[in-house]
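Subject: Handover of a structure, with notes

Dear colleague,

I am passing on the structure below, and I would be glad if you could look it over. My notes on what was found in it follow directly after it.

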Amino acid sequence: PREGAVREVAEETWVALAPDALTAVGYERIRFAGAVPDPRLHPISHVAVYGARLDTVGEDGVGPEGQPIVWLAPDGVRDRCAEAAWWPLLDRHLFG
């Protein structure tokens, strides 16, 4: 799972991380809307969530798949994401 997380971060943000730089944060339960993309998967599944601390941050911009990339201080993340279903995991990771 760590190698997959590192690959996804690089694909989405261009940030290169080593697998050992990741800290296990927890698991998030997900439910597929519509058809399950792979018959080996259960309609309710879990994804591993990892965190990493960076010495520097990048610049806001557009990611390789056209999505916006925005770098935020922890309090800015709280202001922007506190209503998200996955916020409790990130809250514990960022703020203890």
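Predicted model: local features only at pLDDT ≥ 70, side-chain atom pairs only at ≥ 80, totals over all residues.

Trp14 is a residue other than glycine, and yet its phi has a positive value, near 70°. Trp14 sits in the loop that runs between α1 and β1, and with a relative accessibility of 59% it counts as exposed, because the cut-off for that class is over 50%.

The protein as a whole

The secondary structure consists of 3 helices and 4 strands, and read from the N terminus the order of these elements is α-β-β-β-β-α-α. Taken along the principal axes, the C-alpha atoms fill a box of roughly 40 × 30 × 25 Å. Of the 96 residues in the protein, 15% are buried, while the accessible surface amounts to about 7200 Å², with 55% of that surface belonging to carbon and sulfur atoms.

The largest pocket

How much space lies in the largest pocket, and which residues are the closest to its centre? The space in the largest pocket is about 1500 Å³, and of the 35 residues that line it, Val9, Tyr50, Gly51, Ala52 and Leu90 are the closest to the centre. At least two residues of the lining come from each of α1 (2–13), β1 (23–31), β2 (44–51), β4 (68–69), α2 (74–81) and α3 (87–95). Sorted by class, the lining of this pocket holds 26 nonpolar, 4 polar and 5 charged residues.

Three further residues

Pro74 is found in helix α2, and its relative accessible area of 37% makes it partly exposed, because that value falls between the limits of 20% and 50%. Once residues up to four places away in sequence are set aside, Pro74 touches Leu94 and Phe95. The C-alpha atoms of Pro74 and Leu94 are separated by 6.8 Å, although the two residues are 20 residues apart along the chain.

Leaving out neighbours within four places in sequence, the residues in contact with Ser45 are Glu28, Arg29, Ile30 and Phe32.

Gly96 lies in the segment after α3, and with a relative accessible area of 86% it is exposed. Gly96 and Cys81 are 15 residues apart along the chain, and their C-alpha atoms are separated by 16 Å.

With best regards

Methods. Residues numbered from 1 in each chain as written. Heavy atoms only, no water. 1 Å grid on protein atoms, 1.4 Å probe; cavity = no way out; pocket = protein on both sides within 12 Å on 5 of 7 lines; lining within 4 Å. Points joined across faces, edges and corners; volume = space filled by probe spheres on them. Nonpolar A, V, L, I, M, F, W, Y, C, P; charged D, E, K, R; others polar. Buried < 20%, exposed > 50% of the residue type's maximum accessible area, 1.4 Å probe, protein only. Areas by Shrake-Rupley, 256 points an atom, 1.4 Å probe, with all protein chains shown as cover. Contact = heavy atoms within 4.5 Å.
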